[in-house]
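This briefing is meant for someone meeting the structure for the first time. Please keep the sequence and the 3D view at hand while reading, and look up each residue as it is named.

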Amino acid sequence: QVRLMESGGGSVQAGGTLSLSCAITPVDSNVNCVGWWRQSFGNERVGVGIVYPGGVISEYLADSVKGRFTISHDSAKNEVLLTMNYVKPDDAGTYFCGASLSYNCYTAAQIQVWGQGTQVSISS
């Protein structure tokens with residue numbers, strides 16, 4: 001079965017950089033899309049970005065992070081990377097990666113497999 005595991009979370013100073021990784025196993029798993037989501041203060045998970053491992057569709061980034069974050073897929077390792085540059089306090093929360101094998105990744109309801117989440121805190 002497809003499994004996802006996030007790593008790389010931690011505490012970073014405002015304006016700094018933090019890189020998150022979402023490992024997809026088995027490595028040869030095929031998923032339609034993988035999205036990064038942020039959840040804070042018990043709120044709903046908010047989409048941050050989407051990447052399509054097949055490369056047919058360009059990656060998506062939410063307006064709130066566009067220009068600061070990048071999302072990419074490492075095909076060799078089957079990892080999805082989220083590089084967070086110039087982080088802001090609003091970027092804090094639990095970051096989850098989620099994959100869909102049968103659907104797109106536009107909404108949380110479409111996600112079929114979730115990782116356990118990794119915590120990101122911003123200090124100022």
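What follows goes from the chain as a whole to a handful of individual residues.

The model shown here is predicted. The chain contains 11 strands and zero helices, and read from the N terminus its elements run β-β-β-β-β-β-β-β-β-β-β. Its radius of gyration is 13 Å, close to the 14 Å that the globule rule gives for 124 residues, so the chain is as compact as a globular protein of that length.

**The chain as a whole**

- Along its principal axes, the C-alpha trace of the chain spans about 40 × 30 × 25 Å, and of the 124 residues 42% count as buried.
- The accessible surface of the chain comes to about 6600 Å², and carbon and sulfur atoms account for 49% of that area.
- When contacts between residues at least 6 apart in sequence are considered, 55% of them join residues that are at least 24 apart.
- There are 7 positive and 9 negative side chains in the chain, and the centres of these two sets lie 3 Å apart.

- Arg68 is placed in the loop between strand S6 (60-61) and strand S7 (69-74), and because its relative accessibility is 10%, below the 20% cut-off, it counts as buried.
- Leaving aside neighbours within four places in sequence, Arg68 is in contact with Thr83, Met84, Asn85, Tyr86, Val87, Lys88 and Asp91.
- Asp91 belongs to the loop between S8 and strand S9 (93-100), and with a relative accessible area of 3% Asp91 is likewise buried.
- Apart from residues up to four places away in sequence, Asp91 touches Arg38, Val65, Arg68, Phe69, Met84, Tyr86, Val120 and Ile122.
- A polar atom of the Asp91 side chain lies 2.7 Å from the backbone nitrogen of Lys88, and Lys88 is also one of the residues in contact with Arg68.

- Gly117 is found in the loop between strand S10 (113-114) and S11, whereas Thr118 lies in strand S11 itself, which covers residues 118-123.
- Both residues are buried, Gly117 at 15% relative accessibility and Thr118 with a relative accessible area of 10%.
- Gly117 and Phe96 are 21 residues apart in sequence, yet their C-alpha atoms are 4.4 Å apart in space.
- Thr118 and Met5 are separated by 113 residues in sequence, while the distance between them, C-alpha to C-alpha, is 8.8 Å.

**Backbone features in the loops**

- A cis peptide bond, with omega at about -10 degrees, joins Thr25 and Pro26, and Pro26 is found in the loop between strand S3 (18-25) and strand S4 (33-39).
- Phe41, although it is not a glycine, has a positive phi of about 55 degrees, and Phe41 lies in the loop between S4 and strand S5 (46-51).
- Asn78 is not a glycine either, and its phi is positive at about 50 degrees; the place of Asn78 is in the loop between S7 and strand S8 (79-84).
- In accessibility, Phe41 counts as exposed at 82%, whereas Asn78 counts as buried at 4%.

Definitions and conventions:
Residues are numbered from 1 along each chain as its sequence is written. This is a predicted model: local features need pLDDT of at least 70, side-chain atom pairs count only at pLDDT 80 or more; totals for chains, interfaces and linings use all residues. Side-chain values use heavy atoms; hydrogens and water are left out. Helices (H or I, at least four residues) and strands (E, at least two) are DSSP runs, numbered from the N terminus. The radius of gyration is taken over C-alpha atoms; the globule rule is 2.2 Å times the number of residues to the power 0.38. Buried means under 20% relative accessible area, exposed over 50%, partly exposed in between (1.4 Å probe, protein chains only). Contact means heavy atoms within 4.5 Å. Accessible areas come from the Shrake-Rupley method with a 1.4 Å probe; for residues, only the protein chains shown count as cover. Lys and Arg count as positive and Asp and Glu as negative; His and the chain ends are not counted. The place of a charge is taken as NZ of Lys, CZ of Arg, CG of Asp or CD of Glu. A polar contact is a pair of N or O atoms within 3.5 Å; within protein, one must be able to donate a hydrogen and the other to accept it, and residues adjacent in sequence count only if both atoms are side-chain atoms.
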